[in-house]
Amino acid sequence: MMMISLSQTKELFRRAEAVCFDVDSTVIKEEGIDELAKFCGVGDAVTEMTRNAMGGSVTFKTALTERLSIIRCSREQVNKLITDHPPQLTPGIRELVDHLHQRNVKVFLISGGFRCIVEHVATQLNIPLHHVYANRLKFYFNGEYAGFDETQPTAESGGKGKVISMLKEQYGFKTVVMIGDGATDLEASPPASAFIGFGGNVVRPQVKERCSWYVTSFEELLKELEKI
C-alpha cells in the first residue's frame with residue numbers, strides 16, 4: 001500500500017466520484033456475523049474466530065466457512081434477527097451519505113458480511129441495492145442453512161479491492177475512496193485512490209498505524225466536505 005499524505009487523502013475525499021463504505025463496525029455499530037452467532041446461541045465460539053480473522057491469521061474464506069458451519073442459521077433465524085435486532089446505524093452516517101448523494105457522489109457498501117443484512121442497511125440510507133456488494137447465504141427449500149455463495153468477490157481475502165477495480169472499470173471512476181475499520185478495508189487501497197480509517201466503533205491498532213487519515217466520527221468527514 002502506498003502511503004499518501006493526510007492533505008492528499010482529504011483532497012481525494014473532497015473530490016471523490018465514489019465513496020465505498022465497509023459495513024460491520026463502520027456503517028453499523030456491530031459485527032453482523034457475531035450478532036447472528038449470538039442470536040443462534042453460539043456467540044462466544046464465533047467471536048473468538050472473528051478476532052482471529054481480523055488479525056489476519058487465517059484467510060477470510062476459511063474463517064467465514066468455519067464460522068458459518070458453527071452458526072448454521074436458517075432463513076427464518078436471519079429474518080427474525082433483522083426484525084428483532086435490526087442493525088444499529090453508527091451516528092452521523094445518515095447525514096454523511098445524504099450529503100454525498102446531494103453532491104452526486106456514488107455511494108457503495110462493500111461488506112464481507114451478508115447481503116440480507118446489508119440490504120436492510122442500504123435501504124435505510126437510500127443506497128440503491130445494486131450498489132451493495134456482500135456475501136450471500138444459501139438455504140435449502142425448507143429454509144435450512146446450505147452454505148454461502150463462494151463465487152462472490154467478497155468471500156475472498158482481497159475481495160474488496162476486486163470490487164473497487166470492477167467499479168472503476170464499470171463506471172469509469174477515477175477517484176474512489178474506501179472507508180472502513182479493518183485490515184480488509186485498508187488493503188483495498190490501491191485500487192482505491194485513498195483509504196480513510198474509521199475508529200468510531202472499534203479501534204484496530206494495525207489499521208490506525210498504517211493509514212494517513214484516521215477518524216473516530218463521521219462528523220469529521222462531513223466537516224471536511226462542508227469546507228468546499
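**Exercise 1. Find which helix gives the most to the lining of the second largest pocket, then describe that pocket.**

Solution. Keep in mind that this is a predicted model.

- Step 1: Go to residues 43-54, helix H3, which supplies four residues to the lining, the most of any contributor.
- Step 2: Now take the whole lining, 11 residues in total. Lying nearest the centre of the pocket are Glu 31, Asp 34, Thr 50, Val 202 and Arg 204.
- Step 3: Sort the lining by class, and you get six charged, three polar and two nonpolar residues.
- Step 4: For the volume of this second largest pocket, write down about 150 Å³.

**Exercise 2. Work out how helices H1 and H11 are oriented to each other, and which residues make their contact.**

Solution. 

- Step 1: Locate H1 at residues 6-14 and H11 at residues 218-226; their axes come within 9 Å and cross at roughly 75 degrees.
- Step 2: An angle from 65 to 115 degrees counts as roughly perpendicular, so that's the label for H1 and H11.
- Step 3: On the H1 side, the contact uses Lys 10, Phe 13 and Arg 14, while H11 brings Leu 221, Glu 224 and Leu 225.

**Exercise 3. Describe the largest cavity and its lining.**

Solution. 

- Step 1: Count the cavities of 30 Å³ or more: there are two.
- Step 2: The largest cavity holds about 60 Å³ of space.
- Step 3: Its lining includes Ile 28, Glu 30, Leu 81, His 85 and Ile 117. Helix H2 (32-39) and helix H5 (75-84) are the elements giving two or more residues to that lining.
- Step 4: By class, the lining of the largest cavity has five nonpolar, two polar and two charged residues.

Methods. Residues numbered from 1 in each chain as written. Predicted model: local features only at pLDDT ≥ 70, side-chain atom pairs only at ≥ 80, totals over all residues. Heavy atoms only, no water. 1 Å grid on protein atoms, 1.4 Å probe; cavity = no way out; pocket = protein on both sides within 12 Å on 5 of 7 lines; lining within 4 Å. Points joined across faces, edges and corners; volume = space filled by probe spheres on them. Nonpolar A, V, L, I, M, F, W, Y, C, P; charged D, E, K, R; others polar. Axes fitted to C-alpha atoms, helices over the stretch in contact; angles between N-to-C directions. Parallel < 35°, antiparallel > 145°, perpendicular 65-115°, else oblique. Contact = heavy atoms within 4.5 Å.
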